[in-house]
Amino acid sequence: EIPPQFVDLGTFTANLIREDGDRYLQIALSLKVTEPKLEEKIKENKPEILHRVNMLLQSKRPSELATFDGKEKLAQQIKAQVEYVLGLRKVAPVISSDQSAAPIETSAGKSGISDVLFTSFIIQ
């Protein structure tokens with residue numbers, strides 16, 4: 001069994017959709033990867049991954065991210081975006097501020113990306 005690797009994506013700062021004044025989100029992200037060859041692929045595609053994560057973060061409301069479930073859902077959505085950029089998912093996941101958007105089916109660990117980890121999560 002190969003031990004997982006952790007690929008740091010760095011820190012993101014994004015303005016959130018306005019609810020009760022201007023709020024912004026700052027997160028630091030790492031990906032837990034179980035397929036060694038993915039680490040290189042992530043680095044090669046990092047600009048597109050960062051773009052998609054930034055667009056996703058800016059589509060969020062502070063209230064959506066306040067709960068554990070909201071953070072969990074965001075992690076799944078980030079995972080889906082990364083899988084798409086890496087060619088592990090055929091259809092681009094929709095980025096939308098519509099809160100009723102269907103949850104994204106994630107391939108539990110099968111894609112080689114087993115987890116999205118928030119090493120820091122601040123809403124201000």
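I looked up Leu29 to begin with: Leu29 counts as buried, at 0% relative accessibility (buried is under 20% relative accessible area, exposed over 50%, partly exposed in between, with a 1.4 Å probe and protein chains only). This is a predicted model, where local features need pLDDT of at least 70, side-chain atom pairs count only at pLDDT 80 or more, and totals for chains, interfaces and linings use all residues. Residues are numbered from 1 along each chain as its sequence is written, and side-chain values use heavy atoms, with hydrogens and water left out.

I placed Leu29 in strand S2, residues 24–33 (strands are DSSP runs of E, at least two residues, and helices are runs of H or I, at least four, numbered from the N terminus). Leaving aside neighbours within four places in sequence, I found Leu29 in contact with several residues, including Val7, Phe12, Ile78 and Phe118 (contact means heavy atoms within 4.5 Å). From Leu29 to Ser120 I read 7.4 Å, C-alpha to C-alpha, at 91 residues apart in sequence.

Next I looked for aromatic pairs and found one. Phe118 and Phe121 form an edge-to-face pair, 5.1 Å centre to centre with 80° between the planes (ring centres of Phe, Tyr or Trp, the last by its six-membered ring, lie within 6.5 Å; planes under 30 degrees apart are stacked, over 60 edge-to-face, the rest tilted). Phe118 is partly exposed at 24%, and Phe121 is partly exposed at 22%.

I then checked Lys71: its charged end sits over the ring of Phe121, 5.0 Å from the centre (NZ of Lys or CZ of Arg within 6 Å of the ring centre and within 35 degrees of the ring normal).

Last, I noted Glu64 in helix H3, residues 62–65. Glu64 counts as buried, at 15% relative accessibility.
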